[in-house]
Amino acid sequence: MATARQVLCLCAFLSLPHARAEPIRYSVAEERESGSVVANVAEDAGLAPAQLSARRARLLSEDGRQHFRLDPGTGRLVVAERLDREELCGQSASCTLAFELLLANPVQFFRVEVAVEDINDHAPVFPEDRVILKILERSDPGSRFPLQGARDLDVGSNSIQAYSISPNNEYFRVAFGSQIKGKNYVELVLEKPLDREKQAEMDFNLIAVDGGSPPRSGTTQIHIVILDVNDNAPIFSQENYVGQVLENAPEGSVVLRVVATDHDTGVNGDISYQFSQAGGQSHSAFVIDPMSGEIKLTKSLDFEAAENHELSVQATDGGGLSAICRVLVEVLDVNDNAPEVMVNSFSSPIPEDALPGTVVALFTVRDRDAGANGKISCALEDQLSFSLRPAYKNYFELVTVSALDREEMARYILTVTASDAGSPPLTTTQTFTVDISDVNDNAPVFNQTSYTMYVRENNVPTVLIGAIIAADADVGPNAKVTYSLVPAHPTEQPPCSCISVNSENGDVFVLRPLDYEKVKQIKVLVSASDSGSPPLSASVTVYISVVDENDNAPLVLYPSQDSSSPSSELVPVTAETGYLITKVVAVDADSGQNSWLSYHLLKASDPGLFAVGAQSGEVRLRRSVTERDAVKQKLVILVRDNGQPPLSATAAMSALLLSDFSDLRLPHSSLATEDEGSSLTIYLIISLVFISLLFLVSTAAFVICKVCKRKELKDGHVLYGASNLQSGLADVAAAGTLPHAYCYEISLTTGSGNSEFKFLKPILPSLPPQLHATGGGTNNEEDFPCGSGTAGNMEPDNPGMRPAEQFNSLSFN
């Protein structure tokens, strides 16, 4: 009773002059949560929020369901319950919920229509998880094997768009297209002959992918059984059957009969029929006789719920061979004469750059009835891009009214409704599926603004280091993207020849091995162009970073390892524990942890006497020198980097333990291998004697010539500047262990036959007086600096180094 009153009230409202002529239209995506705001209906209706409460505003719908509610305080229209487009409208292309906004005192109402938009909330679902196909091994290439396609509850672009096989199969490919009234079909196409003796069975997956974002997919397993016998499979008399049944047909009514024949005899010729899809929604209303092939109703059909049902019937012979036909059952509305719509011409697809006013279809309508029942009016359901335009008498044109954009809407399903003026009126609908063809109006778009890829040095040639992906919103050739390397500027040189980009899929390859020590990063510009006319393109910068490998062993700079004999370091026997003997200097061409060096004492004449700093490379005394220690000590220092695996180098050196550096008379056995050092000592002594005599003669001559200025003869100091010593000092200084050059000084004393060879201080810092004392003669020596410059104007490089350490930094080779 309440529903009847609502209907009567609604009819009364429709007759009121206060009704708005055009409905207020909104759209909302399905699955929105309860309470989501759709729009401000009060503002769109020209009402103040205060009027809603004062005039007792409420929402009325024909079916009594309240999918939306009105917020009287703000005038907003909000979602009252979760909306499921598939539940509300099924597979209908459009889904519109209509209701009225009623105002009392005075009475006024507004018609509101909300279009529920589809989202990709359903994945394709195959009717069976595993499909078994039995195929003759003598089947010719090109043979087609029908499959039951997947079902997606979504519509439009969110429905199934493509099928693929995984993994790729050399024997089969999948064919996908439309057949009866836009219904899709899926078939396996044989690519090459089968050989049961080589492979009796094979398995692969059939994947259905919809067009949603992100896309969803469904999978079923295809199991192929290759048969060796049974020459002929069943053949249907028709590939497609179309049956019609009244919606009020009783249960058990025969819809149609499918007939298949088999040229084989006996068991191989016995045919049985069954539906190829078990438990499908469309099959639940039908049953098939397995022997006769008659399809009957199991329950009454509802034209308003579904206008047609598509069935798949499989005929199987006794040998296991089968064939599939498709049956389209059309449900006829129980009505005497409904208007008829006849299409005279229809153009699809149309280009997306078609001008407004382009004629898409021309059709005529007629009704066999007469009078008011034969008076027809046509209307186009909610569509903003198309409209109907009367042409001549009962002819109508379906034309475009606005610019089209294929990327926004690739297909329009237009429904034209022809209604007569009968009571109740009868209507007929005609659906036009208008496909929009692509125009190259979109350039490729990269999924990143720039790319950074990494490759290890010493890589193998043609190694894959990454991929560049660009998408084009167009389709067909306009969306086929090719990749290429281009110069950053037209005047620049061609890009690096060591980098290559696959023009088809954007894979980036390094063509030859790279060396991190020569190049650390490569910057290239990649262009993506479509195949349109004219082509459109976009560019992106790719940074290729070379990752260091531990491919360089440490290089010892000091002590030099070029000579045949290791270098010698002088160590006073009075040196204390921790005395710095020398410092091993090494470098590594690698970077990062591959260049972190550590120093280890690998071999020594007396391992307990020396210690090597693991990080600094400093060689120090671990304990004090004793009389039992050999004068000459040999050491081998291991220098190792921190790479994986680590690389290493060795530094060989020797240390001479001397009690007095003025005493170079070392044991013959310890200096037997020091031929070069012994020769140098002899040359030094001879030079000192010669210079001393020359000095005495020069002094005597000077005294005789300058009798008036005769003074007490002083000790002479002769600077020994042998070129080979200077070159040795220069080499040591270049190695980085001596901060300044050192000088030798010869001190000859009068009144004594003893002459001493002393190792003098550096040019800058003065050694303590005890290092100058010779033990005999006078101490009024005069210092002669080595090299260029003035000692008083120079600063020491390492003022913190002890004099003994500075003294010991000179080595004899």
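Let's start at Arg56, which sits in the loop between helix H3 (49-54) and strand E3 (58-60); helices (H or I, at least four residues) and strands (E, at least two) are DSSP runs, numbered from the N terminus. Keep in mind that this is a predicted model, where local features need pLDDT of at least 70, side-chain atom pairs count only at pLDDT 80 or more, and totals for chains, interfaces and linings use all residues. Residues are numbered from 1 along each chain as its sequence is written, and side-chain values use heavy atoms, with hydrogens and water left out.

Arg56 has a phi near 55°, a positive value in a residue other than glycine. Arg56 counts as exposed because its relative accessibility is 54% (buried means under 20% relative accessible area, exposed over 50%, partly exposed in between, with a 1.4 Å probe and protein chains only). Lys393 also isn't a glycine, and has a positive phi of about 50°. You'll find Lys393 in the loop between strand E28 (386-390) and strand E29 (395-400), and with a relative accessible area of 69%, Lys393 is exposed.

Now for the cysteines. The structure holds one disulfide, meaning a pair of cysteine sulfur atoms within 2.5 Å. Cys89 and Cys95 are the partners, with 1.9 Å from S to S. The torsion about their S-S bond is about 65°, so the disulfide is right-handed. Cys89 is partly exposed at 22% relative accessibility, whereas Cys95 is buried at 3%. As for other cysteines, Cys325 is buried, at 1% relative accessibility, while Cys705 is exposed at 62%.

Going from Ser348 to Pro349, the peptide bond is cis, with omega near 5°; Pro349 belongs to the loop between strand E24 (340-346) and strand E25 (350-351). Another cis peptide bond runs from Gln644 to Pro645, with omega near 0°, and Pro645 is in the loop between strand E48 (632-641) and strand E49 (648-658).

Finally, head to helix H5 (residues 675-705), where Val689 lies. Val689 is partly exposed, with a relative accessible area of 46%. Together with Ile685, Leu693, Phe695 and Leu696, Val689 makes a nonpolar surface patch of about 440 Å². Patches are made of residues with over 30% relative accessible area and no salt bridge, joining like charges within 9 Å and nonpolar side chains (Val, Leu, Ile, Met, Phe, Trp, Tyr) within 5 Å. A salt bridge here is a side-chain nitrogen of Lys or Arg within 4 Å of a carboxyl oxygen of Asp or Glu. Accessible areas come from the Shrake-Rupley method with a 1.4 Å probe, and for residues only the protein chains shown count as cover.
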